Amino acid sequence: MIELTVNRKKRRYRGPSFKRLLDVLREDFELTGTKEGCGEGECGACTVLLDGEPVNSCLVPVAQAEGSRVETVESLGASSRLSPLQQSFLEEGAAQCGICTPGMLMTAWAYVRGGGPADPESVRTALAGNLCRCTGYQHIVAAVVETAKREKRKRARAR
Amino acid sequence: MASVGTSFRRKEGPEKLTGEARYIDDYPLEGALHGVTLRSKVARGILRKIRFDPAFDWSSVVVATAADIPGENAVLLIEKDQPLLASRELNHLEEPILILGHSNRAKAYEALEHIEVVCDEEEPVLTMEEALADGAVFKRFEIVKGDLDAGFCDADVIVEEEYRVPHQEQAYIETNGVAAWEEEDGTLVVTGSMQCPYYVHKAMLGLFPRAPEKIRVIQTTTGGGFGGKEEYPNLIAGHAAVLSLKAKRPVKIVYDRAEDMRATTKRHPARIRHRTGVKKDGTLVAQDIDVLMDGGAYVTLSPVVLSRGILHATGPYECPNVRVVGQVVKTNTPPNGAFRGFGAPQTLFAAEMHVEKIAARLGLDALAVRRKNLFREGSVTATGQVLNESVGAKEVLDRAVAVSRYLPRKKECERWNRRKSAPSWRGVGLAAVFHGAGFTGSGEVYLQSRATVSLLPNGDIEVEAASTEIGQGTTSILASIVADALEVPYDWIRVSTPDTARVPNSGPTVASRTCMIVGGLLKRSADELRRALEREGVDWPPKPSSLKRAARKLCANGRPFGFVQEYERPREIRWDDATYRGDAYGVYGYAAMVVELEIDKITYEVTVKDVVTAQDVGRAINPLLVEGQIVGGTAQGLGYALLENVIFDKGVMANANFTNYAIPTTLDTPPMRVEIVEIPYSLGPFGAKGVGELPMDVPAPAVAAAIHQATGLFLTELPLLPERISKALHDRAHRQS
């Protein structure tokens, strides 16, 4: 049995320990927000945060997540109450077909939460592992820059 | 507040941003089998026998072959030449032979390994040239205008060149996938990722004959299409359905990335030859253009792709004497099909590069040659179409040139390139294109599209159409159009999910037609609804309470009170299929682009530094979504130009993964400056034309022109990889020494 925390909830998994974290999330925990795009770690659609760091969940055997904290898109916000990052994606038009969006959001959230700089070049570097075929990235970069700026202002006020 | 012209938020955005939106692979299907496909391992041959390993336990496996198809073994589209499952002739690698299902996906794949296909292999035809020599031509078209010979006699200079463009993979991030099952009442249900539910409906009807209403096709949230889910879902839907009927259980088929890349359609490769007569001042007097496309093993949509290709082959320029000959041939490779632009990116690359070549030959700037010949109001195209209105060619060119500071930037690059010590070469390139909106020729007349606007019993307004949301914003723009036609808020409009049991056939979601054609139908439906409600005494603009009151009266038995509109050919549009003369499209969109780039002198790596593009869309219904189409299409075009290299080995894609088939990442995509130009079209809803495909046409020639300035290399074949630049430089050095 493997124990892990998924979106702040303790979960137990019984089954082959080399099952992909992606499949455990989607099939065993019914968290289908995380998507498969290529199955070989190239497209980033399956990105989740493992102990705060973005990983391709198609390349992570569930055993490797034992005792870890996993965060998926479902942890951010619901459609009736979007998180500031999701809201910014909506306003900037950063999601088109939406299939890369959950993975893109998780990479972006790790970046913003980690205090990443609010300039387009740094954001582009941070998102380079997440492929999107619809948007040309322009509106995604704008949404992340905007959220990073807001996050910085928030932190400055808190200080 | 008016909706049209306002960047309202995407209707389905919140679900997509939270993981609540469900794509086909997200639906749990109780008791479903996972279907996998046994495919041909030869490019051409005769199928003799299928052997099942007797040592393997087949008890929990269900297999469907061609023999299990109750109707005709043909995937209905334009022709009936493509079998759903091969039973005798094998015409390409990866051609489907049988479908196998197991409740466990891994077990299904394992079972595939225990099947042997015995066949007599034959010599395949793998190149367009071989196919042409064999006379294996699917379709030939010819466009003639004026007197070509007289035109060449008039010319001061004749410029000739041959151009080549490769396959391109759509690379939607959600692979193809569908599910199918039969309901107890005998209704065959197909649901999945698709652009055209009614195409699937038509194909299913031929394969599984039954009353049309006993086939129901429902689109699920679709993770990108770009044409790749226009016709291919017909095939995979048929596969899921035939296995489901055999197994008497639901079947789900979701391709993995490698299978999707190897087996499904791609952009047609093409060879385009130009021979052009020009005056010394750059005036075009004769254009002789020969287009050859590789259709792959079956006809699929090739005739229509070829048609759009040749209709755009002249570029957005007027020339008195023109001949365009187009042929699409059969090779033993997986069928090529729809991909954003649909033949036009191929021929427009050649057309625009040829302008660059003509300008170089005459010692003029390519901008001057363009300005001399560019379409304007009153221009006559190669098919004799008079461009009466909404001709934004000059406006987009002027805007792109001004905003990018094209001429001064070109001079600055020249100065940079003169510095021998500079680590790079720099160049600026320009291109201008046009793109017909809607189906070609009489296509819209044959489609007879229909769409409905209704008042629901609860007082809401509902839009019903089969036009799919595939990321481009269908749901939101159709809502905006209807909202303004009714003068009600955007939020009041609901757009129903494309489901053939519920929505009328508004035609396929392709050809930059959704906004202009379907939006136009919906505007008329909404106008009718409004008139009817006004007759009922509803004051306009209506209050929610008055709509509710009207609904109570008009929605008898809880049925919606709606108006359906069917497409009627506007009197102004005339087309003759036999002679290929007339109005090839109701109207065209126009785009111009200036690209600035830098090439590393050691690695030959190309970095695009700046992109400025101006695009005339008639009217931007939702400017943010229009910009989304433009920047997204531009990125795909930059990939086509610089990165995307489908490597064919013995007739099939060898680099079928994202590691070796590189599509642009954030770091390959520059910031882009977009100028939306609005020259309204009187027959489009609120003046709108199409925008979906236009942005795909323009980046490749602009990039190649910039490389031309940077290096002096005139490269005629895409993609413009560092290897190709390196070889061309080496060849040039060799010639000079």
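Biologist: How many residues of chain A are in contact with chain B, and how many of chain B with chain A?

Modeller: In this predicted model, 44 residues of chain A are in contact with 44 residues of chain B.

Biologist: Which helices of chain A supply residues to that side?

Modeller: Helices α2 (84-92), α3 (101-113), α4 (120-126) and α5 (138-158) of chain A each supply at least two residues of the side that touches chain B. The largest share, 4 residues, comes from α2(A).

Biologist: And what is the make-up of that side of chain A by class?

Modeller: The side of chain A that touches chain B has 22 nonpolar, 16 polar and 6 charged residues.

Biologist: What scores does the model have?

Modeller: The model scores ipTM 0.98 and pTM 0.98. For chain B, the mean pLDDT is 97, and 100% of its residues reach 70 or more.

Biologist: Now the sheet in chain A. What is the order of its strands?

Modeller: It is an open sheet of 5 strands in the order β2-β1-β5-β3-β4, with mixed pairing. The edge strands are β2 (9-13) and β4 (53-56) of chain A, each of which pairs on one side only. From one strand to the next, the twist averages 40 degrees.

Biologist: Do β3 and β4 of chain A pair in what sense, parallel or antiparallel?

Modeller: Strand β3 (residues 47-50) of chain A pairs with β4(A) in the antiparallel sense, over 4 bridges. As one example, A:Leu50 has A:Glu53 in β4(A) as its bridge partner.

Biologist: Which strands does α3(A) touch?

Modeller: Helix α3(A) packs on the sheet and touches β3, β4 and β5 (69-71) of chain A. The direction of α3(A) makes about 35 degrees with that of β3(A).

Biologist: Over to chain B. Which residues of helix α5 are buried there?

Modeller: In α5 (residues 197-207) of chain B, the buried residues are B:Pro197, B:Tyr199, B:Val200, B:His201, B:Ala203, B:Met204 and B:Leu207. They pack against β10 (188-192), β11 (215-219) and α6 (232-247) of chain B.

Biologist: What domains does the assignment give for chain B?

Modeller: The domain assignment gives domain 1 (13-21 + 443-566), domain 2 (31-123 + 171-263) and domain 3 (270-440 + 580-736).

Biologist: How many residues of domain 1 of chain B are in contact with domain 3 of chain B?

Modeller: In chain B, 20 residues of domain 1 are in contact with 22 residues of domain 3. On the domain 1 side, α15(B) gives the most, with 6 residues. The C-alpha centres of these two domains of chain B lie 36 Å apart.

Key:
Residues are numbered from 1 along each chain as its sequence is written. Chains are lettered from A and ligands numbered from 1 in the order in which they are written. This is a predicted model: local features need pLDDT of at least 70, side-chain atom pairs count only at pLDDT 80 or more; totals for chains, interfaces and linings use all residues. A residue is buried if 20 or more other C-beta atoms lie within 10 Å of its own, exposed if 12 or fewer, and partly exposed in between; C-beta atoms are placed from the backbone. Two residues are in contact if their C-beta atoms, placed from the backbone, lie within 7 Å. Ala, Val, Leu, Ile, Met, Phe, Trp, Tyr, Cys and Pro count as nonpolar, Asp, Glu, Lys and Arg as charged, and the others, Gly among them, as polar. pLDDT is the predictor's confidence in each residue, from 0 to 100. Two strands pair if DSSP finds at least two bridges between them. Axes are lines fitted to C-alpha atoms, for helices over the stretch in contact, and angles run from 0 to 180 degrees between N-to-C directions. Domain bounds come from an automatic or database domain assignment.
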